[in-house]
Amino acid sequence: GCGGFLQLLAAAGRPLQLISVTDGSASHPGSERWPVERLSAVRPQESVEALCRLGLPMHTLKWQRGGFADSQVAARESELSAFIESHLRPGDVVFTTWREDGHCDHEAVRRASAEAAKRVGATLYELPVWTWHWATPEDGRVPWHRARKILLTPTQVARKRHALQAFASQLEGDPQIGLPPVLAPYVLERLLQPFEVVFV
């Protein structure tokens, strides 16, 4: 969702630290093709490949993995907040998912991030991710007045497209149980616009 923005930050020489809260291993409920055990092993590998394809400086990138259970983050929100806080310093700028993104984990991560940032003295901004699945351009539930558009070059969009292709598990559903891909063609189209949005 923010692969273009990550490229811009890296190109500007900003030190980057990523915190992966979950591995997203609950993306295919009931699937024998993509069971939780397989996804727990595959998803981190896909993420590494995607980051490399974005051209991020892997030798200097700090990447913390929380290991929280996918779709159950809210149950351990205070623990997550402490985990995030342990990796922040005063003056850091934190980008997290939007507080009303429409996904239980995304919203829990935002709450935990906000609390950690407040305790440390870091600045917090929000990124809509699942919002693009349900919001319309004039949707009154979205705080458009807080939105800032980050323009991306064709090269940055191409890198982002290449990075998305690393997520084979998300590009495949499970036809045996009627499960569509998480990254269906219409989702990819939305993710590959020549801009990204941050709420300030």
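**Entry 1: Leu152**

I started with Leu152, which lies in the loop between E5 and H6. I take helices (H or I, at least four residues) and strands (E, at least two) as DSSP runs, numbered from the N terminus. This is a predicted model, where local features need pLDDT of at least 70, side-chain atom pairs count only at pLDDT 80 or more, and totals for chains, interfaces and linings use all residues. Residues are numbered from 1 along each chain as its sequence is written, and side-chain values use heavy atoms, with hydrogens and water left out.

Is Leu152 buried or exposed? Leu152 has 9% relative accessibility and counts as buried. My cut-offs are under 20% relative accessible area for buried, over 50% for exposed and partly exposed in between (1.4 Å probe, protein chains only).

I then listed contacts, meaning heavy atoms within 4.5 Å. Not counting residues up to four places away in sequence, Leu152 touches Gly4, Phe5, Leu8, Val157, Gln193, Pro194, Phe195 and Glu196. Leu152 and Leu8 are 144 residues apart in sequence, yet 8.5 Å apart in space, C-alpha to C-alpha.

Next I took Gln156, in helix H6 (residues 154-164). Gln156 is buried, at 12% relative accessibility. Leaving out residues up to four places away in sequence, Gln156 touches Gln7, Leu8 and Leu151.

Which residues of H6 are buried? They are Gln156, Val157, Lys160, Ala163 and Leu164. These residues cover an arc of only 120° around the axis, so they sit on the same side of H6. The arc is taken from the directions from the helix axis to the C-beta atoms. As background, an α-helix has 3.6 residues a turn, so residues three or four places apart point the same way. The buried residues of H6 pack against helix H1 (3-11), helix H2 (36-53), E5, helix H7 (168-171), helix H8 (185-191) and E6.

I turned to H1. Its buried residues are Gly3, Gly4, Phe5, Leu6, Gln7 and Leu9. The cover over them includes strand E1 (17-22), E3, E5, H6 and E6. After H1 comes Gly13, with a positive phi near 80°.

**Entry 2: Aromatic rings**

I paired rings of Phe, Tyr and Trp (its six-membered ring) if their centres lie within 6.5 Å; planes under 30 degrees apart are stacked, over 60 edge-to-face, and the rest tilted. How many aromatic pairs does this rule give? The count is six.

One of them is Trp98 with Phe199, edge-to-face, at 5.3 Å centre to centre and 70° between the planes. Trp98 lies in the loop between strand E3 (93-97) and helix H4 (104-120) and Phe199 in strand E6 (residues 195-199), so the pair ties together parts 101 residues apart in sequence. Both Trp98 and Phe199 are buried.

Trp132 and Trp144 form a tilted pair, 6.2 Å centre to centre with 35° between the planes. Trp132 is in helix H5 (residues 131-134) and Trp144 in the loop between H5 and strand E5 (147-151), 12 residues apart. Trp132 is partly exposed, at a relative accessible area of 23%. Trp144 is also partly exposed, at 30%.

I noted one aromatic cluster formed by Phe5, Phe95 and Tyr125.

I then checked for charges over rings (NZ of Lys or CZ of Arg within 6 Å of the ring centre and within 35 degrees of the ring normal). The charged end of Arg38 sits over the ring of Trp34, 3.8 Å from its centre. The charged end of Lys149 sits over the ring of Phe195, 4.5 Å from its centre.

**Entry 3: His106**

His106 is in helix H4. His106 is buried, at 15% relative accessibility. Not counting residues up to four places away in sequence, His106 touches Thr97, Trp98, Asp101, Val129 and Trp130. His106 and Leu127 are 21 residues apart in sequence and 9.8 Å apart in space, C-alpha to C-alpha.

**Entry 4: Ser71**

Last, I looked at a backbone angle. Most residues other than glycine have a negative phi. Ser71 has a positive phi, near 70°. Where is Ser71? Ser71 lies in the loop between strand E2 (62-68) and helix H3 (77-85). Ser71 is partly exposed, at 38% relative accessibility.
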